[in-house]
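This report looks at charged side-chain pairs and at one helix that takes part in them. Please have the sequence and the structure at hand while reading.

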Amino acid sequence: MKNKKLEIVSLILPCVYGILCMVDIVLCLVYRSNYDSSIGRVLAYFVLDFTGILFVLPAMPIGLVLNICALRKRRLEGMPDKGWMIWTILSPIVYIVCFLTAGVVFVATTGGV
C-alpha cells in the first residue's frame, strides 16, 4: 500500500474548514435567540471575530497547494488522477461556498454587528 498521507490531509482540510463554518453558523443562531441579553452582545462580538478569522485563515491556498502536490505525486506513481484533478478544481468552490454561507448567516442574524 502506498503512502497516502498527502491525499488524506488534503481531503481533511476542507472538512475541518466546513465544520468551523458550521460552528460559526450555530453560534450566530444562538446569538439570534439571545440578542437582547449581555451574553448575546458578547456572543455577537465573538462571532464577528470568528467570522473574520475564517476569512483570513489561509485554508484555501493551503488546500490548493496540497491538492496540486498530491496530484503530482499520483502522476509520478502512475496512479489514475482524473478524479483527483476534478477534486483539485472543485475544492476551492467548497471553501468559498462554506465561507459565503457562514458570512450570509452572520450578516442576517447580527446585522454585521
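In this predicted model, Asp 81 and Arg 75 form a salt bridge in which the closest N and O atoms lie 2.5 Å apart. A search of the whole structure finds three salt bridges, and they are set out below.

| Salt bridge | N to O distance |
|---|---|
| Asp 81 with Arg 75 | 2.5 Å |
| Lys 73 with Glu 7 | 3.7 Å |
| Glu 7 with Arg 74 | 4.0 Å |

Salt bridges link Glu 7, Lys 73 and Arg 74 in a network. The pair of Lys 73 and Glu 7 joins helix H3 (residues 59–77) to helix H1 (residues 5–33), so it ties together parts that are 66 residues apart in sequence. Arg 74 also lies in H3 while Glu 7 lies in H1, so this second pair ties together parts that are 67 residues apart in sequence. Both Glu 7 and Arg 74 are buried, with Glu 7 at 5% relative accessibility.

Turning to the helix itself, H3 has 19 residues and reaches 27 Å from its first C-alpha to its last, close to the 27 Å expected at 1.5 Å a residue. Its buried residues are Ala 59, Gly 63, Leu 66, Asn 67, Ala 70, Leu 71 and Arg 74. Seen down the axis of H3, these buried residues fall within an arc of 140°, so they line one face of the helix. What covers them includes H1 and helix H4 (82–110), whereas the face of H3 turned away from the buried side carries the exposed residues Arg 72 and Leu 76. After H3 comes Gly 78, which has a positive phi, near 80°.

Key: Residues are numbered from 1 along each chain as its sequence is written. This is a predicted model: local features need pLDDT of at least 70, side-chain atom pairs count only at pLDDT 80 or more; totals for chains, interfaces and linings use all residues. Side-chain values use heavy atoms; hydrogens and water are left out. A salt bridge is a side-chain nitrogen of Lys or Arg within 4 Å of a carboxyl oxygen of Asp or Glu. Helices (H or I, at least four residues) and strands (E, at least two) are DSSP runs, numbered from the N terminus. Buried means under 20% relative accessible area, exposed over 50%, partly exposed in between (1.4 Å probe, protein chains only). The expected span of a helix is 1.5 Å times one less than its number of residues. The arc is that of the directions from the helix axis to the C-beta atoms. Contact means heavy atoms within 4.5 Å.
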